[in-house]
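Here are my notes on the model you sent over.

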Amino acid sequence: MSKKNPEYDFKWCPGCGDFGVRRALEVAMINRLEETGLPIENNVVVAGIGCSGNLVHLLEGEQPYGIHGIHGRTLPVAMGVKMARPELNVVIVAGDGDFLSIGGEHIAPQAARNVNVTAVIMDNGVYGLTKGQSSPTTEMGAVTSSTPFGKIEEDLDPLELYLTLGVSYIASGFSGQPRVLARLINEGMNHDGMSMIHVQSPCVTYNDTFQLIKGNAREGIAPALWDIPEDHDPSSKQAAYELVQQGGLPVGVIYKDESRASLEGNMESIRAKARSRSMEQLMDAYAF
Amino acid sequence: MLMNDFVVRFAGEGGQGVVTSAEGLAQASTQVGYHALTYATFPSQILGGPTWTQARICTEPILSSGDQVDVLVAFNEEAYETHAEEVREGGVIIYNADDFTMTDPRSFGLAVDTLARSTGNNRAANMVVIGALAQLVHMPQEYLEDFVEARFRRGRDNDDEIISSNIEAMHLGRQNAAESGFVLGDLAPPNPPDYQQLMLKGNEAIALGATHAGVQFYAGYPISPATTILLWMERNLVGEGKFAYQVSSEIEAITAILGAGYAGKKAMTATAGPGVSLMSEGLGLAWMAEIPLVVVDVQRGGPATGLPTKTEQSDLMGCLFPAHGDVRMPIIAPGSVEECFFGAVHAINWAERYQGPVILMSEMSMAERVQNIRKPDLSKVPVEDRLTYEGGNGYHRYSGNELSPMPLPGGPGAYVANGSEHDEMGDTTHLPSRHIQMTERRFGKLKLLEEENYESDNTGASIALMPWGGSKGPVREAYDALREEGVDIAWYYTMFLHPIPPKLRDELRAKELVIVPELNYQGQWANILRFHRVASTPITQYTGLPFKVSDLVSKVKEIMAEQKEEARA
């Protein structure tokens, strides 16, 4: 929308990782349109607060619906949209600060419900929009504007967290590979349950990790990024744990549990047990 | 002596039948055409703890739980000591002779459990009590037997046995009361209403009202005294296109209903004060992004955990101004169980009409009160739906200076519902002109909620009485008593606190003084009225209990006398 709207005054820094994520989401929505025939308006993008959340205003081409809400609450908002209108495709876009810090309390219950939404988390290891404070994924020891003497908290491993909390689809990607990322997002959209696509999306201003991720042969820096081998069995939780414990930045599908019903699926079993009564019948229960 | 009014207080330990006896008496009475209302207060624990319930039986519709206790049923000694002084002159105390003995000349003992056991039905203790009470006011036995029949005839093999043991228990209670020699008088015969009735609690009335208004999505988190609405919805808001769920916090509840409201559903949650505090940021978002939703606040004593099982009207400021920034929430505060039904319908209608959040404020005392009400004639209770957008793409959802049709996801008119200040298409902007335009748009929509009707009486008087919410009943009773004594005072009442009906506001402004009895320390509604340039003064009470009519009558007289003094000076 930004190109059409001179009044909209938010900009990502040149070179921001989030550009690649935006491209990946646009491609994924177009792929979905081609696969299902459902219009782009069938997508609802629930955005967190931070640089990443502004993605919802910066999408180009046909526009999906969006909610740009309050800090940390993308998951329950998305649950509300999805359970109100299960035919909609609900996508969350949020950052590590929004999703893992203030919003961390929502991951466990929504994973337990297996609510059928797809979350694309842009992890830059820093609070960018508020100018460089430490986030849950900032490395321990790092000096940031809010940790002037070095961060003294252990940094969080989001992939291990998602596995532990029972997220049923977990993928990991890099913003510098939008095509790969689009495929991982599409697979998440097609998965009937809660999908997390955790993306390394570097902040060029406060935490530029592009070189660490891609490596630099001339300077002798090995890439952190590695492709998940084809023989990895994503249905095995054990294999998934072993994979994320290898460190670096794995790219691909880490875990996928297709045996569990989603919240919508489980609601059907409630509907089968419950008796739906008319207003007159409901009132009659109190008549005398 | 012919009695039109019969008030019984049941007190004891949780689990001794305090609540079932009161509700049984109320049900038996309404069944034959009396009006009944119970007031309940509970301890904050699962089992035991001191508890009491009051049942009031009248030949006319009831406004309050009554402050003249005719009979105290004391299930244990502590209950007797706590409540004995509430018994009116000439009243009677029935004590549970299985638990303790005493020598109060106003009392007689009833071996409640022993008598129940002798019928072969240990669970009939409350029927022993009801039988004894009926005897004290000479309520005919057939009334009670009809009730027992209606209550226990459920098509089980042992229905006959259960019914006969319960009737036997009543007989035993009756016999013991007769032998005691105590008599209160004759309860006047009932004057059965010529309309259909329901007997229910305030929270049930809210749930029914919301259902009639078309609620489709409910998310809630357990909190006294609002939990029963969540339980009701989980049981009844089922079927295609409907959803009710216990989520993980009040923050999840407000944000989930926000997502559902945005997606096109009529969405609601219910909570108490601490939950409203957690929902405040979400309420601000609903206001900013123009998303219809309803939050029910069943008030209790606060702040923090406060008095979770006692009643109070102290959340008004918190509900009117829950969020940061420039907001002022629409507020509907019903004043009776019947108004809980209509208030819930209005709340959902309002949310749809102006496309934003609405708060329905109830209270612990109404939530747990059982009362007979006229069965609502649904054909006369209109239901409203939001204006939805049906054009093509490229729509500007926030265009114009007032309400605009709302696009629904899946259809044309995609936009971003934005919690940041936004332009007409929903994109974030910081332009001063936009913040002016959008702020005025959001406040301007409130005009759509200005209602015409309100209650008024004796409007020529220069001093007026105006309660709000659940204090309506006792204050109206006090008003009637004052008028009977010839006191010249006006009556005003509305459940629409914001926006207040403009004609009502103008009438109140013309008064020399408006007296506002309310259950909080600061006089919150009186303060809001002063903000409206109404000369108001509160009568406050912060005991965790509802007003007593007699207290109100004397306090109103005091204030009126002072006002006259001042006028003379």
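This is a predicted model: local features need pLDDT of at least 70, side-chain atom pairs count only at pLDDT 80 or more; totals for chains, interfaces and linings use all residues.

**Notes on the model**

1. How many residues of each chain are in contact? On the chain B side there are 54, and they meet 45 residues of chain A. The elements of chain B that put two or more residues into this side include helix 1 (18-31), helix 7 (202-213), strand 10 (217-220) and strand 17 (416-418). Helix 9 of chain B gives the most, with nine residues. Sorted by class, this side of chain B has 26 nonpolar, 21 polar and seven charged residues.

2. Next, the seven-stranded sheet of chain B. This open sheet has mixed pairing and the order 11-10-12-13-15-14-21. Its edges are strand 11 (243-246) and strand 21 (496-498), each of which pairs on one side only. Strand 10 runs parallel to strand 11 in chain B, with four bridges between them, and Ala219(B) sits opposite Tyr245(B) of strand 11. Helix 10 of chain B packs on this sheet and touches strand 12 (267-271), strand 13 (293-299) and strand 15 (357-363); the helix direction makes about 160 degrees with that of strand 13.

3. Chain B also has an open sheet of five strands, ordered 18-20-19-22-23, again with mixed pairing. Here the edge strands are strand 18 (455-457) and strand 23 (536-540). From one strand to the next, the twist averages 20 degrees. Strand 18 pairs with strand 20 (residues 490-493) of chain B in the antiparallel sense over three bridges, and Tyr492(B) in strand 20 is the bridge partner of Ser456(B). Helix 18 of chain B (residues 549-568) packs on the sheet, where it touches strand 19 (463-465), strand 22 (513-518) and strand 23; its direction is at about 150 degrees to that of strand 22.

4. Finally, back to chain A. Which residues of helix 6 (residues 158-165) are buried? They are Pro158(A), Leu159(A), Leu161(A), Tyr162(A) and Leu163(A). These buried residues pack against several elements of chain A, among them helix 4 (96-102), strand 4 (118-123), strand 5 (169-174) and helix 9 (237-244). Just after helix 6 of chain A comes Gly166(A), with a positive phi of about 85 degrees.

Technical notes
Residues are numbered from 1 along each chain as its sequence is written. Chains are lettered from A and ligands numbered from 1 in the order in which they are written. Two residues are in contact if their C-beta atoms, placed from the backbone, lie within 7 Å. Ala, Val, Leu, Ile, Met, Phe, Trp, Tyr, Cys and Pro count as nonpolar, Asp, Glu, Lys and Arg as charged, and the others, Gly among them, as polar. Two strands pair if DSSP finds at least two bridges between them. Axes are lines fitted to C-alpha atoms, for helices over the stretch in contact, and angles run from 0 to 180 degrees between N-to-C directions. A residue is buried if 20 or more other C-beta atoms lie within 10 Å of its own, exposed if 12 or fewer, and partly exposed in between; C-beta atoms are placed from the backbone.
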